[in-house]
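Please walk me through this two-chain model. I would like the sheet, the helices and the interface in turn.

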Amino acid sequence: MNRSLHPPKIASTPLLVSLNIQRRVIGALVMREILDRWGRHNIGFLWLFFEPMIFTLAVAALWSFSKMGHGSTIPIVAFALTGYSAVLLWRNMPNRCVRAVQPNHTLMHHRNIKLMDIYGARLLLEASGATISFMLLSLLFIGMGWMKLPEDTLKVVFGWLLLAWFGCSLAILIGSLSERFEIVHILWHPISYILFPLSGAAFAVSALPEKAQQAVLLLPMVHGVELIREGYFGSQYHAHYDIAYMAGVTLVMTLFGMAQLRYVSRHIVA
Amino acid sequence: MIELVNVTKRYPVKGGERTILDGINLRVRPGEKLGILGRNGAGKSTLVRILSGGERPSAGRVIRNMSVSWPIALSSAFHNHLTGLDNVRLICRVYGADFENKLEFVREFSELGIYLREEIVTYSAGMRARLAFAISMIIEFDCYLIDEVVAVGDSRFHEKCQHELFERRKERGKVIVSHDPNFIRKYCDDVIVLADGKLHEFSSVEEGYEFYDRHMKL
């Protein structure tokens, strides 16, 4: 028996094959996630967007009845829809990725399933839920005459995609850090609560004093929300945003997130 | 061929790290039946998980030129809050297999009947083991990793498993962890012994056992 070692050949999988495997795995995990979260009872996977819709409707109703001032002439319902939907988009993704390894670690016995696939499936679901909820409620509100069609739909889509990217990078970063440090898992929830009122959901940046504007514009998601509102209400809304700044910060976060993800993947105990 | 090159695995423990595998080199040839011996905690299961790819080594390389199974009959590789059927479907999706065909086999082999539609949390240990083994047999691999599979189910089911794994898949490679010397003698061409993080190889199974017995007495 000879087990002596020659310089080994590295077996590699062509990129297209790998992509196909990953597509299949993420698809399988999405189905599993849907069954695991909502099961086959009552409306099943429709909760995916019903839940964010209920949240958004409740917030819109609350803000309308309390006649909350937000510093612009836009109807409060439209303001709440654009603002709160954006929060759901960037906040739910990290929420689902925090401590995501434990409930999934049994799947790690299957070599094709990587941590990135688990995050990928969860991100895809969260993003779809928030997006479908935003679209359905927009259609409803427009149909009811509570708001007009977006003035520049493409700008809305662009702002939404930027926010989704920001949410993904934040999710991967916070998610993988939470596997390494318990404290991240504990602190993320209060932090996300504090970030909500600061995120631009409940105010127009132009209504703030200049010092406050500068401070608040340090937060990347504010730029995304402002961009979405400019797309919706362009002529009635004076938006403040810097796409390059938001993209830059998000890019750096993506990079750090990927590095953490790689570290955690290497140290997972199946 | 599966090849481990200078593979080291360390786990964090309180106040530092513990080295379980220390620069191990190993080749598993196509069709080879390899037994792994070692005391409790010697790193046998760790080695199996590294071969399967479920865990990555802390240092060194793993090269796989053939397909390798997940550790067979491991009921923990399945999801507790899904039904038996959902787990079959999940595995078929992940490995790109046709669900309808495979389901027939699982139904027949596991003998779980209507319980396939129930969540796995409601299963007894024996039912879990039956499902786990049946699912392990729906995807074909060049090499199967077997971590203490012999204790599965009652003796009749046990025989069915042996038949499925060692008769029908006689020509496939197998890496077997077991404390049962007769089992290893019966099915393995080679054995290795893990001790103190190092791997020991032998020219015959009997030599391996001699070493193992001596080492156990130390």
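How many bridges join strand β5 (residues 68-72) of chain B to β6(B)? Three bridges join them, and the two strands run parallel. This is a predicted model, in which local features need pLDDT of at least 70, side-chain atom pairs count only at pLDDT 80 or more, and totals for chains, interfaces and linings use all residues. Residues are numbered from 1 along each chain as its sequence is written, while chains are lettered from A and ligands numbered from 1 in the order in which they are written.

**The sheet of chain B**

Strands here are DSSP runs of E with at least two residues, helices are runs of H or I with at least four, and both are numbered from the N terminus. Two strands pair if DSSP finds at least two bridges between them. Six strands of chain B form an open sheet in the order β5-β6-β7-β3-β8-β9. The pairing is mixed. β5 and β9 (198-201) of chain B stand at the edges with a single partner strand each, so one side of each is left without a neighbour in the sheet. From one strand to the next, the twist averages 20 degrees. Angles run from 0 to 180 degrees between N-to-C directions, with axes fitted as lines to C-alpha atoms, for helices over the stretch in contact.

Helix α1 (residues 44-52) of chain B packs on this sheet. It touches β3 (33-38), β5, β6, β7 and β8 (190-195) of chain B. Its direction makes about 145 degrees with that of β5(B).

Strand β6 (residues 143-147) of chain B is mostly covered, with five of its five residues buried. A residue is buried if 20 or more other C-beta atoms, placed from the backbone, lie within 10 Å of its own. C143(B), L145(B) and D147(B) point one way from β6(B). Y144(B) and I146(B) point the other way. β6(B) also pairs with strand β7 (residues 173-177) of chain B, in the parallel sense over five bridges.

These residues stand opposite each other across the strands:

| Residue in β6(B) | Opposite residue |
|---|---|
| L145(B) | P71(B) |

**The helices of chain A**

Chain A has nine helices and zero strands. Its C-alpha trace spans about 85 × 45 × 35 Å along the principal axes. Of its 270 residues, 39% count as buried.

Helix α4 (residues 115-143) of chain A has 29 residues. It reaches 42 Å from its first C-alpha to its last, close to the 42 Å expected at 1.5 Å a residue; the expected span is 1.5 Å times one less than the number of residues. Just after α4(A), G145(A) takes a positive phi of about 80 degrees.

Which two helices cross at roughly 30 degrees? They are helix α5 (residues 153-180) and helix α9 (residues 243-267) of chain A, whose axes come within 8 Å. By class, their contact has 14 nonpolar, six polar and two charged residues. Ala, Val, Leu, Ile, Met, Phe, Trp, Tyr, Cys and Pro count as nonpolar, Asp, Glu, Lys and Arg as charged, and the others, Gly among them, as polar.

**Where the chains meet**

25 residues of chain A are in contact with 31 residues of chain B, contact being C-beta atoms, placed from the backbone, within 7 Å. Helix α1 (residues 15-38) of chain A gives the most to the chain A side, with eight residues. That side has 14 nonpolar, five polar and six charged residues.

Note on methods
Contact = placed C-beta atoms within 7 Å. Buried ≥ 20, exposed ≤ 12 C-beta atoms within 10 Å, placed from the backbone.
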